[in-house]
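Dear colleague,

I am handing over the structure below, and after it you will find my notes on what turned up when I went through it. Please read them alongside the coordinates.

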Amino acid sequence: MNLTEFNQSDGCDHFSCLERSVSPTVYILLYVCSAAVILLTVCGNLLVIISVLHFKQLHTPTNMLVLSLAVSDFLVGVLVMPAMFIWTIESCWIFGRGFCTVFWIICGFLLILSIYNITLISVDRYLALSNPFFYMSKVSVRITCVVIILNWFVVGVYLLLLMYFNGNFTISVMCPGECFYFLNEVWNVIDLIYSFIFPLSVIIILYTRVFVIAKKHATAIRELNNHTRPKTQKITSYSMKSERKAAKVLGILVSVFLVCLLPYYIYSLLGNVIEIQRESIQKLIIILYLNSTINPVIYALFYPWFRRRVKLTIILQIFQSNSALVNVLS
C-alpha cells in the first residue's frame, strides 16, 4: 500500500503535534460523529456477514465475494477507524511506536484486500454476463471460496515481501506524536502498480465490457417481449434481467469505491509535485476508509434480501429452527 510519503529531510516541522484549538462542544461532537460512523460500519457489515452465512439461499459465488468484502470492511471498522479518528481529532498519535507499526500494516493489508475483492467482483460479473453457461457450470461456491482464500493469502505474502525487501521501510514515530510510513522509490512504484494501477485497469476494462453486454441483453429482452414466448424463453428473460440487475448494483458498489479511492491515490501520484498538509492527508485516508461504511448502505438501498434480513434480525427470527431455509429473495 502506497501510504503517506514525506520528504524526511523536512524535519519535524510538519509532524509536530498541534494544540487542540476547538471548543469542548465541537470536540465532543467530533467524537460522537466518529463513534456513529464506526458503529454504522461495524454493525452494517456484520449484518451482511450474518445474512450471507446464515441463509443458505444466499450461498452463491457472487455473495461469497460480497462476504469477503464485508469481512474486510468490518475489520476496517474494528481495527482501523478508531485509531484513525482519534489521531485526526487529537492532532497527535497517542498510541506509541509499536502500535504505529501494527496500525499501518493492518491498513495496508485491508486496503489492498478490499481493492482485490472489488476486482474479483468485477471478474465475477463479467463472466456471469459474457458466458453464463460457463459461469453456471464451472463457477461454484467452493471454487469461489478457494479464490477468496488465495486472495487473502497473496495479499498477506505481498505485505511480508514489502516489509522484508524495502530497505527504507520506515514505519515509525519519526517525531513526537506522529506516525507515518515510508517506502523507497523502487517499492513505491511496485506498490502503486500492484495495489492501484493493475486492479483499477482490470475493473475499468471489465465493467466497460459489462456495460456493453448489459445493453445487448436489454435489447434481447425487448425483442423477447415483442413475441409470444414459451416458458423457457420467459425463464431466459428473467435470468438475463436478474444478472443485469446484479451487475448494476455491483457497478454502483465499484463506482463508489473508486470515488473514495481516487483522491488518495491521486495524491500518491502527485505527492512529489504538490505540497499537502498532514491534516489533509488524514482526511484523504478517512475518505478512503469511509467506503467501508457506505457499502452496507448500498446493499440496504438496492438489495431487498438485505432489508428483509435486517428485519428478521431485529425481531430475532434468525434464532428460530429452520430459519436458514427461509426464502429471502422473493
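Predicted model: local features only at pLDDT ≥ 70, side-chain atom pairs only at ≥ 80, totals over all residues.

Turning to the aromatic side chains, a search of the whole structure gives 13 aromatic pairs. One of them joins Trp93 and Phe103 in a tilted arrangement, with 5.2 Å from centre to centre and 50 degrees between the planes. Because Trp93 sits in the loop between helix 2 (61-90) and helix 3 (96-130) while Phe103 belongs to helix 3, this pair ties together parts that are ten residues apart in sequence. Trp93 counts as buried at 5% relative accessibility, and Phe103 is buried as well, at 1%. Trp93 and Phe103 also belong to a cluster, linked by ring pairs, that includes Trp87, Phe95, Phe99 and Trp104.

What is the geometry of the aromatic pair formed by Phe109 and Trp152? The pair is edge-to-face, with the centres 5.9 Å apart and 65 degrees between the planes. It links distant parts of the chain, since Phe109 lies in helix 3 and Trp152 in helix 5 (residues 141-165), 43 residues apart. Trp152 has a relative accessible area of 24% and is therefore partly exposed.

Methods:
Residues numbered from 1 in each chain as written. Heavy atoms only, no water. Phe/Tyr/Trp six-rings, centres within 6.5 Å; stacked < 30°, edge-to-face > 60°. Helix = DSSP H or I, 4+ residues; strand = E, 2+ residues; numbered from the N terminus. Buried < 20%, exposed > 50% of the residue type's maximum accessible area, 1.4 Å probe, protein only.
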